[in-house]
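Q: I would like to take a close look at a single part of this model and then see what lies around it. Please go slowly, as I am new to reading structures.

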Amino acid sequence: MVGNPLTRNIDFSRPPLDLGAYEATGGYHGLHAIARGLEPADVLDLVKESGLKGRGGAGFPTGLKWSFVPMGEKAPKQKYFVVNADEMEPGTFKDRLLMEGDPHLLLEGMIIASYAIQASKAYIFLRGEYTDSERILRKALAEAYERGYLGRNILDTGFDLDIIMHTSAGRYICGEETALLNALEGKRANPRAKPPFPQVSGLWGKPTIVNNVETICNLPGILAWGIDWYRSLTKGNDHGTKLFGISGKARTPGCWELPLGTPIRELLEVYGGGMRDGLKLKGFLPGGGSTDFMLPEHLDLNLDYDDIAGAGSRLATGTLILLDDKTCPVGMIGNLMTFFSHESCGYCTPCRDGLPWVDEIFREFERGNGTHRDLAILEEHVDYMGPGKTFCALAPGATAPLGSGLRYFREDFERHITEKRCPYKN
Amino acid sequence: MSSMSERLIASTALPADYLNEEEIAEIEHERTLYPDTRAVGLEALKIVQKHRGWVSDESLFAVAEYLGLPVAELEGVATFFNLIYRQPVGRNVILYCKSVSCWIMGCDEVKEKISGELGIDYGETSEDGEFTLIPVPCLGDCDRAPVMMVGPDQHRNLDEKNLGEIFARYRKGRD
Amino acid sequence: MTEKAKVEITIDGVTYEVNAGSNLLQECLTLGMDLPYFCWHPCMGSVGACRQCAVKQYRDAEDSAGLMTMACMTPVQPGARISIEDAEAKAFRAGVIESLMISHPHDCPVCEEGGECHLQDMTLMSGHNYRRYDKKKVTHRNQYLGPFINHEMNRCITCYRCVRFYNEYAGGEDLSAQASHHFTYFGRHRDGTLESEFSGNLVEVCPTGVFTDKVFSENYTRKWDLQTAPSICTGCGVGCNITPGERYGELRRVVNRYHSELNGYFICDRGRFGTGYVNDAARLATPLDGAGNELDAEAAGRQLREIAGNAIGIGSPRAGNEANFALRKLVGEENFHAGYSDAEHACMQLAAELAGDPRFYNPSIREIEQADAVLVLGEDVTNTAPRIALALRQSVHNKALELADGANIPRWQDAAVRELAQQERSPLCIFACGATRLDDVASDRVIDTPSGLVRNAIELAGRLDASAPRTAKSHEALERVAGQLLAARRPLIVAGTSSGNIDLIKAAANIAGALQKRRAVHENHGGTAAPVDLCLLTAEVNSMGLHLHLMTRQENSLGEALRKLSSGETANVIVLENDLYRRAPHAQVDAALDAARKTAVLDLLPNRTTAKADLVLPVTAFSEQQTSYVNYEGRAQLAYQVHRNHGAACPAWQWTGDFEHFRQALLDCAGSVAAFAKLGEVLPDTSNLPSGIKVPRQSERYSGRTAMKANLNVHEPKQAQDPESALAFSMEGIPPRRDATILASSWAPQWNSNQSISKFQDEINGPLRQGHGGTLLLEKKSEGGEFKPVPANGDGGGLELLPAFQIFGSEELSSRSEAIRARMTDAYLAVSPADAERHGLQQGRGVRLSGGGIEAIALTCIRTQMSPGAAALHVGDAEIDYHGLGSQVELAPADAPEGRGLGELIVSDLVRMREER
Ligand SMILES: Cc1cc2nc3c(=O)[nH]c(=O)nc-3n(C[C@H](O)[C@H](O)[C@H](O)COP(=O)(O)O)c2cc1C
Ligand code: SF4
Ligand code: FES
């Protein structure tokens, strides 16, 4: 049985598989299962049972999300499915790998998802900078149309689907699913209020599902090989495999598909090859720039939604960013704050005006002008921009490394103040 | 829509054929993909930028007029996004990643080297009009940091040594 | 009225009953609590952007931690438990205001918002007083936004209210949010005049000093230093409630005065910026004889009464009821004539007749907003009754609200409702001779000549009711429109008197009548059904009032008056506040005035009619007098004197000498003219004011009173007395508790801005707690029958002439204000491209019109959407003899008159100017 359903076809020493080759390895079996008579509700049930959780960051159960889409006679006829391929979370490089490594896997997943909610139009919201992904996906799309997997009456199911490639004009907030919808509509990408959720009123006011690339790439396997297989993939409480990555000063940074529940230490030491010579791990962000720092003492936890949450952080994108003992934590957090401050959409107050202040304070620390008063202001902002206080999750995301960083690396902040310089710079 | 913006355009006296046939064909294609003209507005700006390098005031007016969208609204959209350039850029745009993983891997030092080599800081265009340097968020190749894009191409594992050779490839006459 | 459903919620330990379906912020404000907010607006709902209204919400009785929630975005749930006072919530709100202020310039001393600034109020309320931010501020470049509005972006707190009002509420297209994060900018795409007719509301919608009143800037005064009184806008027949402010004897500015049934929170730019004429140096200040010699008041009064002995009186639709009544009394009922054109006279009669027809209902603005299918017949509403156009724009939003109800999205969730509905709108069909400023929200348009519109309207009525007369000619939209009107819950037909096309009003009545009949059959198996909304717009502030004075003498038209004078049947004439040359063919006016033995004119500015007078008596401007006006609905409203009279000017009822006090004039009018029987009800209820105590026109903080005139005399002058009203020209007194119509300004402790109005409403957007919104005078009488409109024969060879109205320029007095003049065009004739070509006309060049034996010159204005065969003439302040031209005109090219050109014309379909111009 397949153990690495997401990456089994990926081999960057050659071009990605074309449609024929993809089919030869068992591709589009999920779609054929539909053609053999699976109803949309059956697909929904399978996905619910699989326990698949969203891989875009929030980890929301995918089947449950789909089930909020109004179905049946009274529901709006037009529905949309959107793939969130806007990957811009700092330190995250997993969706690119899937799209460039095995484009048909994503397309098949999209067809399955669109079928489940009976969406006749699906958009790939692709990050504008991902030019290689665009080229590869466009080629795959053409093949799928040619083969009759897209277009009218797919495989005689009576189901129509068009997939449209949309390349983003660029902004991190577009990854937030409701801001993404505004961007797709050609508007300023401010997020929308929830409720109403996109499942009820989404793209152009119609029921819409937004899912992450990796989430969707799980679907073909679930349909082709079933729930039991899917559940057996895991080592922990959550089901399936997940892409995990390492960036920063490991010996062999990279991205690998591993069972959920794999110990963090195994990821770092076996796959990442441990820290580079002469460097020690000081901390790490477990799932991209908007997660709380974890410490070396957490290495024996498993890469599992609950385990990571237990340590006060989030699994989120599953791509670890390593902080070594020769890199300044204040500088690292400051880098993130510049990013978040610049990428704030400007809609709500705490984020729009809070982050630039925070960022300015980091610049002062860098110049050796940081004060205890500044430090207190930073601390206030952690709470001030926290969950529930802002319009969307961008600013709370920013407070994750900020809050945990202030807690774990307090001494480094203090040294900046007392030494009036960055102690990591010589 | 359309009503007031038309008047504004009337006063700019753009030539009727400002948008070329190719641009119009591409814009018309986008129209078939979205149920609403607003969505096409943003796509049209990208199309014009693809052909002309950036979105000038004239281009903005032309798109607004062509699609019947209010100029002010289109300007609001154009200035929101990072990859719509409302100022002229060089022949090659360098999108330089300065997010966290690249930062850890020393992108600031590499950037200094680029600035030295091309004589430009962020937001500037080299004197010969070849390169514009723009910082961008994480380019999604963090395991091969530092990373940048020149035009459509991704360049990974940058260090102070491989830069010269990369830039040489993009200089006029070399491609 | 159905009782609203109530639910109980607990706020800081106290249980209250609140409106179900509402949100926490709105209900807290209704309860009189001080919860700060910015992005929410009572009329525009919630978007949750500013985060200033945060409160703590607890899950249940056990929950003591609670969660922070934005009150404006949280529906009230039965049993909800919240806290405003919770320490964490307070700290968060303090954080928000601190954030908002980090780049604020702190320039209150030089900011024109100071003293009535929502940001100042909220800063205090949220407890922010020390600035900790010591980094670099973000600064912005300001734009030139035209003659009405200043722009000072550095004061912006990014609440998004401006664009939400300007674009989403008012349909403007040239203001937008630009850039992002803390560089977010609100402006035009580049410098230039803000195009919306409602741009002035930005001054009040913006919670700080980004958008301020440029006209006011010229002679700025703090809110607390203005002397104010409740007044009525005299810009058109809607009668919006306003608060003018005076200082040093000058009218300084006008702001909106909340009225729950009429203007709500918004007025148009004519109303706000069109009162500069009051301060005009050319104002008539002393009585003059025919040679221009000054007369003393007593002699002048005597002369007037002498003239009245054998005189016709010509009333005025821009003068109040008491002035018209006084003149009527002076010359006798049988000698009192209309002061509007004969065509308008006929339309007014019909309009009033329809108002008395129980099959129809003339809706208030609030009710117009509730229409879910609208038909506009031949009225360019944005230019003739602008505030109603704004209301029609809201009516199309009803479809979105309906969809929201279906999707369980609360109506106040403004952005969510708009995102759900996208382009879906309630139907709005416009019958017009060309493009209008409501076209962007119109579902259908029928463009034709004036006579063609009548034919189409007859046809539409026929489709609604087989027994109505019909013709063969029709338009493809009619079937659809008929269906929409029949399907609507609350359909609305809008027509008006402005273009003097009585057949269109008849057709409108037939349409509404047919609808009512069909609804009666449908709803009630042939019984009676609710009346159908038929909104008939009247042209001027008191057109309806003038009509009521003429009710029993319908034959007393202006034409008849002129005839009596020319024929010598009557010797003298007294003209009340009227330039007759705007009302009738010039030759007729000349003949009448030349034949008259004596002509007396009462007016406030010199004009062509005063130039011919043997006696000119200066009268007070709207802000210098107390008077009542009757609006299009038949609603009588009282306007108060704001400041002293100009020179020797006094109200017309004083000149006639019959009354000593205003009250007498008003009550005598009510007692002797049947139509005004209820007029006495407009007088305020002052029963709670202890005898002798009045309502102050000046705020408690009014400064410099003793020093104001010190350059003239160091002794403090005695305060002017006001024996005529319940208001005092001083700071002493108490605010009204029984009657909102004497609320001189809206202010409450901690609430210096106009947002204080919520403290006076019985609930948000509801009537003012003190009550009284004017008195509806028109009574329902008996049902009328069908009319037989006869479309004019449009085949005379020439083009059918109709008037083109402009919000800036068509109204007589406002177009004599400097600010409005900056937005005016020259006289122009709008024609279709085909007609322009046929007559060799070029855009912006001259055109010679001939008809009725006379000629006139105007600028050519070629509009792509004009109906061929129609020619719309905008007269503006040019001395064009519109009424002399007749109904058909021939055109020929001519030299363009030197002047303002067409530059300020804002229409959607102007054909591009030729390059060489
Ligand atoms: C500021 C912000 C940025 C986000 N960026 C992304 C992104 O780039 N890609 C992504 O899939 N989800 C992103 N998300 C999460 C999405 O909002 C959404 O939860 C996700 O696309 C849902 O897909 P899933 O259920 O498959 O995880 C972002 C969220 C926030 C608040
Ligand atoms: S937290 Fe607020 S300002 Fe920040 S991105 Fe979200 S909505 Fe925009
Ligand atoms: S008023 Fe509630 S968030 Fe602005």
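Leaving aside its neighbours within four places in sequence, which residues is A:Asn218 in contact with?

A: This is a predicted model, so what follows describes computed features of a prediction. Leaving aside the neighbours within four places in sequence, A:Asn218 is in contact with A:Leu6, A:Leu52, A:Arg55, A:Tyr230 and A:Thr241. To find A:Asn218 in chain A, look at the loop between α9 (213-217) and α10 (219-232). The relative accessible area of A:Asn218 is 3%, and because buried means under 20% on this scale, the residue counts as buried.

A polar backbone atom of A:Gly56 is 2.7 Å from an oxygen atom of the ligand, while in the case of A:Asn211 it is an N or O atom of the side chain that lies 2.9 Å from a ligand oxygen. For A:Glu87, a backbone N or O atom is found 3.5 Å from an oxygen atom of ligand 1.

Ligand 2 has 13 residues around it, and those that come nearest are A:Ile173, A:Cys345, A:Cys348, A:Cys351 and A:Cys392. Sorted by class, the shell around ligand 2 holds ten nonpolar and three polar residues, with no charged residues.

Chain A also meets chain C, in a contact that takes 39 residues from chain A and 36 residues from chain C. The size of an interface is often given as the accessible area lost when the parts come together. For chain C and chain A this buried area is about 3,100 Å², with 53% of it on carbon and sulfur atoms. Of the area that chain C buries against chain A, 20% is supplied by C:Arg132, C:Lys135 and C:His181, which is more than any other three residues supply. One of these residues, C:Lys135, also takes part in a salt bridge, in which its side chain meets that of A:Asp374 at 3.6 Å, N to O. The count of salt bridges between chain C and chain A is four, and 20 residue pairs are in polar contact across the interface, both residues being at pLDDT 80 or more.

On the side of chain C that touches chain A, at least two residues come from each of β4 (67-70), α2 (87-100), β7 (176-178) and α15 (414-421). The largest share, seven residues, comes from α2(C). By class, this side of chain C has 18 nonpolar, eleven polar and seven charged residues.

Chain B can be described as a whole. Its 175 residues include 58% that are buried, and its elements are eight helices and four strands. Read from the N terminus on, these elements run α-α-α-α-α-β-α-α-β-β-β-α. Taken along the principal axes, the C-alpha atoms of chain B fill a box of roughly 55 × 30 × 25 Å. Among the contacts in chain B with a separation of 6 or more, 61% are between residues 24 or more positions apart.

Methods. Residues numbered from 1 in each chain as written. Chains lettered and ligands numbered in written order. Predicted model: local features only at pLDDT ≥ 70, side-chain atom pairs only at ≥ 80, totals over all residues. Heavy atoms only, no water. Contact = heavy atoms within 4.5 Å. Buried area = accessible area lost by both parts, 1.4 Å probe. Polar contact = N/O pair within 3.5 Å; in protein donor to acceptor, adjacent residues only side chain to side chain. Nonpolar A, V, L, I, M, F, W, Y, C, P; charged D, E, K, R; others polar. Near = heavy atom within 4 Å. Buried < 20%, exposed > 50% of the residue type's maximum accessible area, 1.4 Å probe, protein only.
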